[in-house]
Amino acid sequence: MDTRTFDALTESMKSAYVAGLSEGAVPRPVIMPLVRGQLVGLIWQRPAKNPEDALTAIASLSNIAAAASADEIVLAWETHDVATACELPADGPSPCLNMVHATKDGHTLHQFPYAEDASSAEPNWQPTSAPQPGGTLPAPVQAAVDYSFTPLELDHPSPFGVTVVLMEEDGYTLRLTEAFAF
């Protein structure tokens, strides 16, 4: 992925955080699969019922990437939000927008810490640390990264199409780009 594409995805996520925090919540984890450099779309985690279900819901974001035969993904999440939902320790800065860029050969973690400004409800973005090749990921995010590059074996004429329908039925929010919409 070229720097311009990653920067555009980063700015998109930061804008989503501005909008989300103004409504009182951070956006749910989101995966952005790419096929030959082309964005498939944005897929947000479905609502979770309990910590075990949250683990599954995050890991299952990988289904769309696997069905599309993505060669790279970007997955974004908020440190405290995922830790709380999954009952995991909050590793790393918090509050923090995390973005992992991954291919089947490895991943790089990017962290964008922020302070919450109660007067404006907008994040006050703090200095970022250097990208972390192979950086530690929360278990469900690591699972999503790993499974994103594991081919789905579906006995269906349109594995991608059926995966989209099933994920929507499960409560995931999908915004596919025009090239991948059907």
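Leu55, Ile58 and Ala59 of helix H2 meet Pro140, Val141, Ala143 and Ala144 of helix H5, where contact means heavy atoms within 4.5 Å. The model is predicted, so local features need pLDDT of at least 70 and side-chain atom pairs count only at pLDDT 80 or more, whereas totals for chains, interfaces and linings use all residues. Residues are numbered from 1 along each chain as its sequence is written, and side-chain values use heavy atoms, with hydrogens and water left out.

**Helix packing**

- Two packed helices are described by the angle between their axes and the distance between the axes.
- H2 (residues 51-59) and H5 (residues 139-148) pack at about 30°, and their axes are 7 Å apart; axes are lines fitted to C-alpha atoms, for helices over the stretch in contact, and angles run from 0 to 180 degrees between N-to-C directions.
- H2 and H5 are therefore roughly parallel to each other, a class that takes angles under 35 degrees.
- The crossing of H2 and H5 is right-handed, meaning that the near helix is turned clockwise from the far one by less than a right angle.
- Helices (H or I, at least four residues) and strands (E, at least two) are DSSP runs, numbered from the N terminus.

**Salt bridge**

- Side chains of opposite charge can pair when their charged atoms come close.
- One salt bridge is found in a search of the whole structure, the criterion being a side-chain nitrogen of Lys or Arg within 4 Å of a carboxyl oxygen of Asp or Glu.
- Arginine 46 and aspartate 53 form a salt bridge, with 2.8 Å between the closest N and O atoms.
- Both arginine 46 and aspartate 53 are buried (under 20% relative accessible area, with exposed over 50% and partly exposed in between; 1.4 Å probe, protein chains only).

**Threonine 79**

- Threonine 79 lies in helix H4 (residues 79-86) and counts as buried because its relative accessibility is 5%.
- Leaving aside residues up to four places away in sequence, threonine 79 touches Ala90, Asp91, Gly92, Pro93, Ser94, Cys96 and Asn98.

**Backbone geometry**

- Most residues other than glycine have a negative phi, and most peptide bonds are trans.
- The peptide bond from serine 94 to proline 95 is cis, with omega near 0°; proline 95 is found in the loop between H4 and strand E5 (96-103).
- Serine 69, in the loop between helix H3 (62-67) and strand E4 (72-78), has a positive phi near 55° and counts as exposed at 54% relative accessibility.
- Glutamate 87, in the loop between H4 and E5, has a positive phi of about 55° and counts as exposed at 64% relative accessibility.

Definitions and conventions:
Parallel < 35°, antiparallel > 145°, perpendicular 65-115°, else oblique.
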